Each structure stands twice: as structure tokens, then as C-alpha cells.
Amino acid sequence: MVFQHECQGPGLAYTEDNNFKVRLFDLVNALARSLDMVSHTLAGHHTNVGFFAARIAECYGLSSFERRNVVFAAMLHDIGAVSLYPAVDSLLFEDDTIKHSIAGSVIISSSKKLQDVSKLVEYHHTPWEELRGENKHYEISNIINLADFIDVNTRRDRPARHQIPILIDLCRKHSGKLFNPDYIEALREAESKRDYYHRLYSERTEKKLRLSTQFESDMLDAEGVLDFTGLFAKVIDFRSRFTATHSQGVAITSSVLGRWLGFNEVEQALFQIAGRLHDIGKLAVPTTLLEKNDKLTSSEFSAIQRHAVYTEHILSGVPGLEVIRDWACQHHERIDGTGYPKGIAGKEISLGSRILQVADVFTAITEDRPYRRGMDFKQTTKVLRQLGDSNKLDPIVVEVLIERYDEINDLRCKGQTLALEHFSNYSKVLYNKYGIVSKDIS
């Protein structure tokens, strides 16, 4: 049985000819921006390192493919630290450079498009004298090490144009050991260009970075974007044991709901993408708030509510994700206008957004959390119908879910179990192969 719904809105945007295309660079850039939002300490760090690495690679004369890999790795280089530690309070990570490098490599390797990038992240803290001997194939990862060193040691409260020449001279003292001498000279050449500092500290550095990389042909279809967004879901869910596997549960639930409400196969994939991305803004919310057992204060609740705004901010930088952005960032809006962040109501909310809202609530109340068991069928249907009857959630979407409860709940459970296995395997690889202890979410 396929349910018809009077509220189509802007949700049905793509057809069976699969005209959905997104540039890989824009997704990497969005993930880098989300990593930069984890703490004030990280503000702009991944974007800056990407900028430095791009200029070094360009002046050194790397091939287009090598530049692409170096820039992507530079923009994601600390993804392992963000996933390993609930609180990121330092850019230096001096006591775990190997740990977070390996953790980042393991996470990134899960994306088919970024296999070579993952190896550069693994070696991005390896000294030049070791790279040029045993790991010659990944020598260019030393560009990331150099770019990272420059940004970490640049004071944010002082003009960069006075600091970077001094830092380059400092790098020369480590020439041949920590850094490749040729990369240092390439950085010096880049620094000497007139537009260097203007581009570095422009409000939208990523736009300039985008122009310098010139990877216009690296496009992804819905399947490719879905593969890549697995990285977003891992970073979101691995940071908090209370949200572990949640994104995948919402992704699967919304996709199945979309099928039963008449969305085609491409659009069902888009629901999975939106589900994986809907909580990306939580990277900007302290995990102490996300995991607080006591009642939240009004200011704490407001801080958590802002995650929807952050989600919109991050996804707005990705051309082609406009519909997915709306579905994802509106998952806390309500039909009666009492939701957040914008308080939109009625037909202002597309059917796609309504589906994400029901999927998010359903997943949240049925999934097991470390501090409670998920609700059973009777409890779940009672809560959902109350929300539907009070015009918080769409009553038709609620009834579709209840009508197909066994199928949807079974798929949700399987999907979240698989996501948990992925995290467990990630933890086991880190521990068994490298002796790295990750967070326990059991």
C-alpha cells in the first residue's frame, strides 16, 4: 500500500534520470568546516592547513591528482582526534600524534573515493627523514606536516604577515629531518606572493581554496554522496556514546518512510544522506551537554538547539544539497510552529522534512541508550500518535510508520547494529593493531 499525501512541497525534487550531482571537493570542504566547529581552538584550522598545503603543492609542482590528495588530506587531517576525544582543547596533540593520525586514516579509509587520502593522513606527522626512506610513496604527506606546523604556531591575535616568515626560518632549522627542504622553499615562494595573506584570511577562504584546487570533474552521484556521508555519520556518532549509531537509524527510517510515501529510488537515497547529516551541527555543541543526565538549564537547552542552525550553515556551502539541507536542518521543526530553529509551520514544511522529523523521533525513542532501553511497540505508537494528534508531527507520516512498524523497526535495528559493528571494528583495529584505546559505547 502506497500512501498519498497532500503536502508535497519542495520535497520531490529529483527524478529517475538521476540528475543529482555534487562535487567531492564541496563535501570535503563541508566536513572540514564541521571539524573546525568542534572547539574555539580548532576554529579555521583545517581550512587554513588546506590553504597552506594547496599553495605548497602548487608552488612545488605536484600533479593535479597529487594536489587533490594532499589538499583533501590536509583538510581532514585531524578527523581522528575529533573522533577519539570528546573535548578537543589543543591544536598540538603532542602526546598522540601517531594515535590520531592512525585513527583518522582508519575512518577516512571507509570512503571509496579517499583511499589514497587516508594513507596521507596516516603519515602526516611522520618526520621527513623517515618518509623518504621507508614510506617513499607517501612523501607528499610531509606537506601536511609542514602546513600544520605553520598554522598551529601562528598566533591568532597577531598579524600573520609578521609571523609566517619567522616560522619559515624556524622550519629551516628542521630541514632534512622533520621537513622536506624543497617543501619549505615552496612555502617561502608562496608566502612571497602579493595576494597570499589576503587569500588566507578572507572571510570565505574555502572559495579561494576551491579555485586553487581545480577539481571540477570530481563529481559524485547519489550513491557516491551516500558513501562519503558515512564519514560525517561516523564523526557525529563516535563523539558521543549517547548518539552512537543514531544517524544511521534516522537514515534508514526516513528512507523506508519515503518509499511508502511515493518517493523514487534516487530520493530514497537522498533521505539516507539527509539522515546521516541531520545532526552534523552537534559537532559544535559540547559533549558535556549532549551527555548530561540532569535537567538542562534554559541556556544549555538553547545551546543544543543551535545544532540545527549549525547544520544549515555547514550544508549551505555544498551546491546540490539544497533540498537535503532543508530536510536535515528542519528535523526539529513542528507542524504547529513550536519547533526550532525557525519556528516554521504548516505547508512551509515540506513532506521530506516531515518524514525526517518522524524518523528522528522514532529512532530516538526506540533505540537503546546506555542509560535506558528503547520503547516497545505500544509505548512508541502512543508517543507518536500523541505528537500527531497534537499537530507536532505529521499524522499521516506517523500512521505510515505505525502501519509498517515491524518492517521499519526491523530495518532500523539491523542498520544500527551494523553501524555499531563498524564502530566496534574501528575500535578493535585501533587497539589490536596499534594499541590505541577508543571510547567505549557499550
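This is a predicted model: local features need pLDDT of at least 70, side-chain atom pairs count only at pLDDT 80 or more; totals for chains, interfaces and linings use all residues.
Colleague: How is the packing of two helices described?

Modeller: Two packed helices are described by the angle between their axes and the distance between those axes. Here, helix α15 covers residues 265–277 and helix α19 covers residues 322–329; their axes come within 9 Å and cross at roughly 50 degrees. That angle makes α15 oblique to α19. The crossing in which α15 passes α19 is right-handed.

Colleague: At what angle do the axes of α14 and α20 cross, and within what distance do they come?

Modeller: Helix α14 (residues 246–260) and helix α20 (residues 351–366) have axes that cross at roughly 130 degrees and come within 8 Å. The two helices are therefore oblique to each other. Their crossing is right-handed.

Colleague: Which residues meet where α14 and α20 are in contact?

Modeller: On the α14 side they are His-246, Gly-249, Val-250, Thr-253, Ser-254, Leu-257 and Gly-258. On the α20 side they are Ile-355, Leu-356, Val-358, Ala-359, Asp-360, Phe-362, Thr-363 and Ala-364. The residues of this contact divide into eight nonpolar, six polar and one charged.

Colleague: How many helices and strands are there in the protein?

Modeller: The protein has 23 helices and two strands. Of its 442 residues, buried ones make up 59%. Among contacts with a separation of 6 or more, 72% are between residues 24 or more positions apart.

Colleague: Is Asn-142 buried or exposed?

Modeller: A residue counts as buried when its relative accessible area is under 20%. Asn-142 has a relative accessibility of 0%, so Asn-142 counts as buried. This residue lies in helix α8, which spans residues 141–152. Leaving aside neighbours within four places in sequence, Asn-142 is in contact with Thr-126, Pro-127, Trp-128, Leu-131, Leu-178, Phe-179, Asn-180 and Tyr-183.

Colleague: Where does Ala-43 lie?

Modeller: Ala-43 lies in the loop between α1 (24–36) and α2 (45–60). At 42% relative accessibility, Ala-43 counts as partly exposed. Not counting residues up to four places away in sequence, Ala-43 touches Asp-36 and Arg-156. Separation can also be read both along the chain and in space: Ala-43 and Arg-33 are 10 residues apart in sequence, and their C-alpha atoms are 8.7 Å apart.

Colleague: How many disulfides does the structure hold?

Modeller: The structure holds zero disulfides. Two cysteines may still be read by their accessibility. Cys-329 is buried, with a relative accessible area of 4%, whereas Cys-413 is partly exposed at 32%.

Colleague: What should be noted about the backbone at Pro-341?

Modeller: The peptide bond from Tyr-340 to Pro-341 is cis, and its omega is near 15 degrees. Pro-341 lies in the loop between α19 and α20.

Colleague: What is the phi of Asn-391?

Modeller: Phi of Asn-391 is near 65 degrees, a positive value in a residue other than glycine. Asn-391 is placed in the loop between α21 (377–389) and α22 (395–403). With a relative accessible area of 34%, Asn-391 is partly exposed.

Conventions
Residues are numbered from 1 along each chain as its sequence is written. Side-chain values use heavy atoms; hydrogens and water are left out. Axes are lines fitted to C-alpha atoms, for helices over the stretch in contact, and angles run from 0 to 180 degrees between N-to-C directions. Helices (H or I, at least four residues) and strands (E, at least two) are DSSP runs, numbered from the N terminus. Angles under 35 degrees count as roughly parallel, over 145 as roughly antiparallel, 65 to 115 as roughly perpendicular and the rest as oblique. A crossing is left-handed if the near helix is turned anticlockwise from the far one by less than a right angle, and right-handed if clockwise. A disulfide is a pair of cysteine sulfur atoms within 2.5 Å. Buried means under 20% relative accessible area, exposed over 50%, partly exposed in between (1.4 Å probe, protein chains only). Contact means heavy atoms within 4.5 Å. Ala, Val, Leu, Ile, Met, Phe, Trp, Tyr, Cys and Pro count as nonpolar, Asp, Glu, Lys and Arg as charged, and the others, Gly among them, as polar.
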